[in-house]
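I opened this notebook to keep track of what I looked up, one topic at a time.

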Amino acid sequence: MDIVLKNGILLDPILKNKKRTDIAIKNGLIHSIGKTNSTQEVDCSGYFLFPSLFDLHTHLREPGFETSETMETGLAAAAHGGYGTVCAMPNSLPVNDSPVITKYIKYRAKEIDKCNVYPIGAISEGLSGKSLSDMYSLKDAGVIAYSDDGFPVENALLLKKAMKIAKSIDMPLFLHEEDKNLSENGVMRAGEIALRLGLTGIPSSAESSMIARDLEIVRETGARVHFCHISCARSIQLIREAKKAGLPVSCEVTPNHLALSDEDIRRYDANAKVNPPLPSKSDRELLVAALADGTIDLVATDHAPHTADMKAAAIEEAPFGISGIETALPLLYTKLVKPGIIDFYELLYRMSIAPAEIAGIEPDLIKKGKPANITVFDPTEKYAITEEFFMSKGKNSPLIGKSLEGAVKATIFKGKLSYGNL
Amino acid sequence: MNGNLIDCRFLTKSAVKTIVKKAEEYKSKFMNGALIPEFPGKTVFNLFLEPSTRTRCSFEMAAKRLGMMPINIYGSFSSITKGETLEDTILNLSKMHPSAFVIRHQSSGICYRLAEVTDIPIINAGDGTHAHPSQALLDLFTILEKKRRIEGLNISIIGDILSSRVARSDAELFVKMGCNVTLFGPATMLPDYPFVSNTKIAGSMEEAIADKDVIVLLRIQLERKSGGNISSLGEYHRYFGIKKELLKKKTLILHPGPFNRGVELSSDIVDSDNTEIFNQVENGVFVRMAIFWWLLNRQSAS
């Protein structure tokens, strides 16, 4: 026996039940569940144990932007956040629009071996929005979806062609929905607060109008489309209607959009500048409700690390993005689970099983014979978020200085600690 | 469609058989060294308003072998560039009493419009993405020559189906003659709606190739307009190109040309026994002679 996790509380996000038990791990696999005695045991009493989380939307920045993040630091951060799998967005440099880059990312992930990495290929060559990427070859090289994330696919005909090819080879598209003309170089959600601050606002129609357009194209092509990081009431409504009509669509929301709102930008903090922008307070409540009722399928981090220098610029100049993969679970535990808004099983389901299904990957489950990818979580620990908290190179978080409850104590990946010590 | 050959839809089965039979007769006569000047002194206008080498030469050769005097008109020299409408050009040329017009144009359906202003027979030598009936007839002739039958054959057409006049004419003709026709290509090059009735779209390249007596390949052009239909010719070849190892020994490969080695098909296939591409070109002249014969005979009969 390599190790036995003693007396932990095993949470099952599918059956939505818990039991106090021991988990024995051998050769990277779950050897048994149930009372086990061993000399190699660690006491997990009081800790929750559950399948490691799955992030459908991560920016690892490598290759090309290693000052912001490397795959080493990004995957260390993922493990710190309780994640066992991440899907890497293609906006690296070079862009992941060819099998060479896909294979490089997979090779590096294997080398680092802290977390599963599934690359996402670009829809358009170089994210240019002008011509299609090598969609067929990318699939063969191992991408699980296509996305131009960071940019919308403005040319509707190009998107339609991408949908047709994706549909013919049974692959999904992950769409960043934004009409760049409507968002007009804005920095936060258009509304009273933006006005008061004198900042250019991004109206929610910048997002919802593109979703409306693309749902019409899905209606014609039948392609599987997943809408990234939705952030407003109209988007929810459109997707709810589309699902009711039977269209093959899904969507995600980020932890930040569930837990924070535009009121958190009052100090011109560029660390709260994110695209799409943090929602209004009322939209935030609707996002939470839509996650609870299933209109929003899952939580994805949109982890977007940037250097302090880049974020130190004036808010108009600073890049969009929040370093969020390490705070995702504790933030939602604090803001949604503790107050009883969403139950923890449901949240875990939306952070592990649901995203795996969209990616077409078999989810991690804590079952005999499965890879031992387990997150150990202390629900009682209270702590303040500081820059030192982050293992990511990106410390760009609006949560710095805030207190959270619930901490990842350890993450086990293929039977070995990828984060923490027990 | 009395007196014209504009597409394959209105050709009767018996007309097809008559043309094919005549083409066979011309071919065997010619191969035995006979001259066949059946229409001495007759004139034909070849209006090629879109670039073409093979088809234009083939029609010219067919006319000359029959003793006719073809007159070639190309887009850049014609009065078209001087602002005259094509209808007016045809009206003018009709007054010179030619025996036929052969027309190649980039606009789908143009021959139907022109047929309304003239009684001279019109042969469509390719109009936009609509039809190319003489190509379909020569494809049929080539298949018959090798397979000795047509009914019940399994035929695939692979490539840019959506924008191919050859695909449409071939499919119409092959279905009419009792073949099972399958279409395939990248999803962006396939039609959204039923293309030609009684054709089906394959789900994969394997399905498109399996158990086929004949595979017709279409020329792929890397069009950059609106992002193109596929990222590169290399990607096309990898996923939709015909490679030798995929082929059965008896599968015929046809291609209307010009073909790209290493795109629609690998180079070793071009040079293999499967390929009928060069025979298609040879047969094209005899089939076009038979088309002239068919139209000119009908004209004199009426």
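**Ground rules.** I am working with a predicted model, in which local features need pLDDT of at least 70, side-chain atom pairs count only at pLDDT 80 or more, and totals for chains, interfaces and linings use all residues. Residues are numbered from 1 along each chain as its sequence is written, chains are lettered from A in the order in which they are written, and side-chain values use heavy atoms, with hydrogens and water left out.

**Domains of chain A.** I looked up the division first. Chain A splits into domain 1 (3–47 + 376–420) and domain 2 (52–363); such bounds come from an automatic or database domain assignment. Their C-alpha centres are 26 Å apart. To the contact (heavy atoms within 4.5 Å), domain 1 of chain A gives 34 residues and domain 2 of chain A gives 47 residues. I then looked up buried area, the accessible area (1.4 Å probe) that two parts lose on being put together, summed over both. For domain 1 and domain 2 of chain A this is about 3300 Å², with 64% from carbon and sulfur atoms. On the domain 1 side, A:K393, A:N396 and A:F413 lose the most area to domain 2 of chain A, together 21% of what that side buries.

I also looked for salt bridges, meaning a side-chain nitrogen of Lys or Arg within 4 Å of a carboxyl oxygen of Asp or Glu. Between domain 1 and domain 2 of chain A the count is 4. A separate look-up showed a salt bridge between A:K402 and A:D264, with the closest N and O atoms 3.2 Å apart.

**Domains of chain B.** Here I found domain 1 (8–132 + 284–301) and domain 2 (134–280). The C-alpha centres of these two domains of chain B lie 25 Å apart. Domain 1 of chain B brings 28 residues to the contact, and domain 2 of chain B brings 23 residues. The two bury about 2300 Å² between them, 60% of it on carbon and sulfur atoms. I counted 3 salt bridges between domain 1 and domain 2 of chain B. I also noted that the side chains of B:R165 and B:E50 form a salt bridge, at 3.0 Å from N to O.

Is A:K382 buried or exposed? A:K382 counts as exposed because its relative accessible area is 63%, where exposed means over 50%, buried under 20% and partly exposed in between (1.4 Å probe, protein chains only). A:K382 is in strand β16 (residues 374–384) of chain A; strands (E, at least two residues) and helices (H or I, at least four) are DSSP runs, numbered from the N terminus. Leaving aside neighbours within four places in sequence, A:K382 contacts A:L404 and A:E405. A:E405 is 23 residues from A:K382 along the chain, yet their C-alpha atoms are separated by 4.4 Å.

**Aromatic rings.** Rings of Phe, Tyr and Trp (its six-membered ring) pair if their centres lie within 6.5 Å; planes under 30 degrees apart are stacked, over 60 edge-to-face and the rest tilted. The count is 16 aromatic pairs over all chains. A:Y136 and B:F240 form an edge-to-face pair, 5.2 Å centre to centre with 80 degrees between the planes. This pair crosses between chains, from helix α3 (residues 135–141) of chain A to helix α8 (residues 233–240) of chain B. Both A:Y136 and B:F240 are buried. I also noted one aromatic cluster, formed by A:F48, A:F50, A:Y333, A:F344 and A:F377.
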